[in-house]
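Reader: Hello! Could you walk me through a new structure, one question at a time?

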Amino acid sequence: NCWILSGVTTTTQNGEAISANSIYTLPPVNPGTKVDIYTPILNFTSASTTITFDYRLTQSLNGNATRSIQVGLVNLFGVVVTSNTITMGAGTTTDVKQFQHTFSSVVPGNYRVFLRIMGAYGNGSVRLVLDNFQVSGATLSISSGGCILVPIIETILPVKLVSFTATLNSNKVDLKWITATEINVSHFTVERSTDGTNFNDAGMVFAYGNTSTNSNYVLSDNISNMQSSIIYYRLRSVDIDGKSEYSDTRIIRINKQTENKVTLVTYPNPVTNELRITIPANWQNKKVVYEVFNANGQTARKIEATASSQTETVNVSNLNSGLYIVKVTCEGQTAQQKIVKQ
């Protein structure tokens, strides 16, 4: 009830239906045409939802023929706020497959779930069968015992995003994005998170607004005081009416990047009694932890300096001869060096 199923038929045919009674469509065979399926209006109460359904092709596709299903949420203004796409080609089997995708960063409210079915390059007799549709974290929006319906309009998204990248550059992250089209766009906001769930604004850049050519944007985020080893970034584009959409999330791993850039100087090496460790200049006068590990990974020495000098001395005179690893940590950054104890 209250679904929009234009161009969709039910099937009970054995070997075609996924369960006793499935819906199917003959997908378009020309690029740009489509069949849209919409659920009734649903009330989403959490920041994420998982959409699940089964699907299958009734026949294999030939040559360059393709079928695709775009799955996502559309708001009551007809704007797609988030989506994910399945693409099928000549290598796709006719076995029953399951689509399951969790959409995060959803602002609680009323949306419809939509399936946009498209195709190209022929094979018009190939049916696409769908069944067992489920949506988590949402309830049917009901008024006076009936379903609330509003028209779904075709709306061109204000931004066509070509790319969005995040690159660690010393103590900052360089965020770059390129748009191919902008229609009445107000600004872009880069959002940052340390847990991948709770995001805060990291910076804002005004948009060109209206353009059909590629536009390049850059924003640098200073992370010198960040303690987390992983930082998540996403881009929010906002149009002049206040509507917004999000990019995919990018991840920066601070330790992994900085371990290859931060170096120590240890001497003498081989060492007999006293090992001197010289740390990077920007680590001086900070809390620094010095650790020496034996070949079995056990801690043989550990020193903490609350305001470290550039060169610290560690007494290793009573360590057994052999290979050791010196590891030094400062504000989430780590560097290590092999030494030999004589």
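Predicted model: local features only at pLDDT ≥ 70, side-chain atom pairs only at ≥ 80, totals over all residues.

Reader: Which residue in β23 is the bridge partner of Val-265?

Author: Strand β22 covers 265–267, and β23 covers residues 274–278. The two strands run antiparallel and are joined by three bridges. In β23, the partner of Val-265 is Thr-278.

Reader: Which strands stand at the edges of that sheet?

Author: The sheet is open, and its three strands follow the order β22-β23-β26 with antiparallel pairing. From one strand to the next, the twist averages 20°. An edge strand has a single partner, so one of its sides has no neighbour in the sheet; this holds for β22 and β26.

Reader: How are the rings of Phe-53 and Phe-99 arranged, and why?

Author: The structure has ten aromatic pairs. In the pair of Phe-53 and Phe-99, the ring centres are 5.0 Å apart and the planes meet at 25°. Planes under 30 degrees apart count as stacked, so Phe-53 and Phe-99 are stacked.

Reader: How many residues apart are Phe-53 and Phe-99 in the chain?

Author: Phe-53 belongs to strand β5 and Phe-99 to strand β8, so the pair links distant parts of the chain. Their separation is 46 residues.

Reader: Is Phe-99 buried or exposed?

Author: Buried means under 20% relative accessible area. Phe-99 has 5% relative accessibility, so Phe-99 is buried.

Reader: Which ring does the charged end of Arg-234 sit over?

Author: The charged end of Arg-234 is 3.9 Å from the centre of that ring. The ring belongs to Phe-199.

Methods
Residues numbered from 1 in each chain as written. Heavy atoms only, no water. Phe/Tyr/Trp six-rings, centres within 6.5 Å; stacked < 30°, edge-to-face > 60°. Helix = DSSP H or I, 4+ residues; strand = E, 2+ residues; numbered from the N terminus. Buried < 20%, exposed > 50% of the residue type's maximum accessible area, 1.4 Å probe, protein only. Lys NZ or Arg CZ within 6 Å of the ring centre and 35° of its normal. Pairing = 2+ DSSP bridges. Axes fitted to C-alpha atoms, helices over the stretch in contact; angles between N-to-C directions.
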